[in-house]
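Please keep the sequence and the model side by side while reading the paragraphs that follow. They go from helix packing to a set of annotated residues and then to some details of the backbone.

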Amino acid sequence: MSDEVMRKNRQDLWTGDYYNEGMGRSDIFDKLKEECGVFGVFGHSDAPSLSYYGLHALQHRGEESAGICVTDGKSFSYHRGMGLVKEVFDRDKLASLVGDRSIGHVRYSTSGDSGLANAQPLVFKYRDGDLAVATNGNIVNAPKIRRELEQSGSIFQTTSDTEVIAHLIARSPKDFVEAAKDALRQLVGGFAFLLLTNDKLLVASDPNGLRPLTMGRLGDAYLFSSETCAFEVVGAETIRDIRPGELLVLDENGLREDRFADPGRKALCAMEYIYFSRPDSDLNGSNQHSARKRMGQVMAQESFVDADVVTGVPDSSISAAIGYAEQTGIPYELGLIKNKYTGRTFIQPSQELRERGVKMKLSAVRRVVEGKRVVMIDDSIVRGTTSRRIVNLLREAGAAEVHVRITSPPFKNPCFYGIDTPDRGELIASAKSVEEIRREINADSLQFLTPEGLIRAVAGDNQDDYKGGLCMACFDNDYPTRTDFDGEEKFGCTC
């Protein structure tokens, strides 16, 4: 590659006055962002600390704000703040939270303003006392419901669509559980809800099970989490996933299994398997690390290329890279290293540092890739800028060839169920062919995992459910719910 092309590629990394301006995140790479994470405890004297450690394990699902609400059966105590869990809570703040029941939340602001007012759990006063709500996902028809509520007199305190369910419950003449059922039936989208009052905890999953939610036990206490990795951290035992359309009611009488809707088509978000969930989490009884290794193995079967080393883009693609290497016999090497300590910076670098800025968070290991034919495994391509940056890093480090293998199908469509996706026009695969994308990212070859390969890797021989029980709308435009509400629908994240 000529010096002029290399210089132009480095300049393309910058989109404004400061690094990555306009990309919507401080991260230098345009990776998709998860929606949020929730964690709940019912019946444990150390509920606040358990929630703290649970949220810490779910930090990857949301780094913008964190909050915990606790009740002792008589009153609420809660704290929320902007930043990471360890920045929001200290010993004194945790000590101020008193009770044996709690819900917690970590958030990305893919929809709704970035501010403390929208940090969850959202806490309300209504006719029957206190109510706190934490959710993960997106309510597609929330703008329509919100407009109707405002026209009938409701006054919203936040720009978060999570507030919609609180208004629906408060306006109902029925008791809390029945009011919650009626409210949940009006919502369309993908969501996992934790609703806490002074005497009850309600746990709900949308009728398609789009967003993950799992139940665990610690002694006599029940725990709930977006991922099972949080149970491992606090020493809890995983019991089962919350079923689509299910509503669990926990109160002084224990746990009661109920439902607010019949289960629809099972459609757990495929990106949970591909990218979002931690590799030590289990979904539908399947370990994520093992599932991603199988994706790499199927990728190798579908699109083998002769090479000298296989490397994965850290951290989410390491498992798939190991699987690809095992299947092909090509050695797996740490060709790319992620700097975990860069953090978020507001310093505006000089032009010289801007051109080097891509290496702030990721570096190629020259001694590993120099003169080698490299297979680079990554989980997805969104705008294409991330892949181009990494390919060029490898080339600058002396790689003779860079062959890119993506362990998901081409990402062509926006998500309506909680993932932070750009408009369809910004998704490179929606307008370009695989060959055009290959040229755009400067790779010697490019292949994506087929939809059939993804289903085979995740579901294995148990493919009784439609598409292996996965939502793959971002790849094939087959949405499991209604998405059009006369222009009043939304995508992104309701959190």
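Helices H5 and H6 cross in a left-handed manner, a crossing being left-handed if the near helix is turned anticlockwise from the far one by less than a right angle, and right-handed if clockwise. Helices here are DSSP runs (H or I, at least four residues), as are strands (E, at least two), and both are numbered from the N terminus. The model is a predicted one, in which local features need pLDDT of at least 70 and side-chain atom pairs count only at pLDDT 80 or more, while totals for chains, interfaces and linings use all residues. Residues are numbered from 1 along each chain as its sequence is written, and side-chain values use heavy atoms, with hydrogens and water left out.

The axes of H5 (residues 142-151) and H6 (residues 163-171) come within 10 Å and cross at roughly 45°; axes are lines fitted to C-alpha atoms, for helices over the stretch in contact, and angles run from 0 to 180 degrees between N-to-C directions. The two helices H5 and H6 are therefore oblique to each other, given that angles under 35 degrees count as roughly parallel, over 145 as roughly antiparallel, 65 to 115 as roughly perpendicular and the rest as oblique. On the H5 side the contact (heavy atoms within 4.5 Å) is made by Ala-142, Ile-145, Arg-146 and Leu-149, and on the H6 side by Val-164, His-167, Leu-168 and Arg-171. Sorted by class, the contact of H5 with H6 has five nonpolar, one polar and two charged residues, where Ala, Val, Leu, Ile, Met, Phe, Trp, Tyr, Cys and Pro count as nonpolar, Asp, Glu, Lys and Arg as charged, and the others, Gly among them, as polar.

H6 also packs against helix H7 (residues 176-186), at an angle of about 130° and with the axes 8 Å apart, which makes H6 oblique to H7. This crossing of H6 and H7 is right-handed. Ile-165, Leu-168 and Ile-169 of H6 make the contact with Phe-176, Ala-179, Ala-180, Ala-183, Leu-184 and Gln-186 of H7, and these residues divide into eight nonpolar, one polar and no charged.

Cys-269 has its place in strand E14 (residues 268-269).

Some backbone details remain. Most residues other than glycine have a negative phi, and most peptide bonds are trans. The peptide bond from Gln-120 to Pro-121, however, is cis, with omega near 5°, and Pro-121 is found in the loop between strand E4 (101-107) and strand E5 (122-126). The bond from Pro-314 to Asp-315 is also cis, with omega near 0°. Asn-284, which is not a glycine, has a positive phi of about 50° and lies in the loop between strand E15 (282-283) and strand E16 (286-287).
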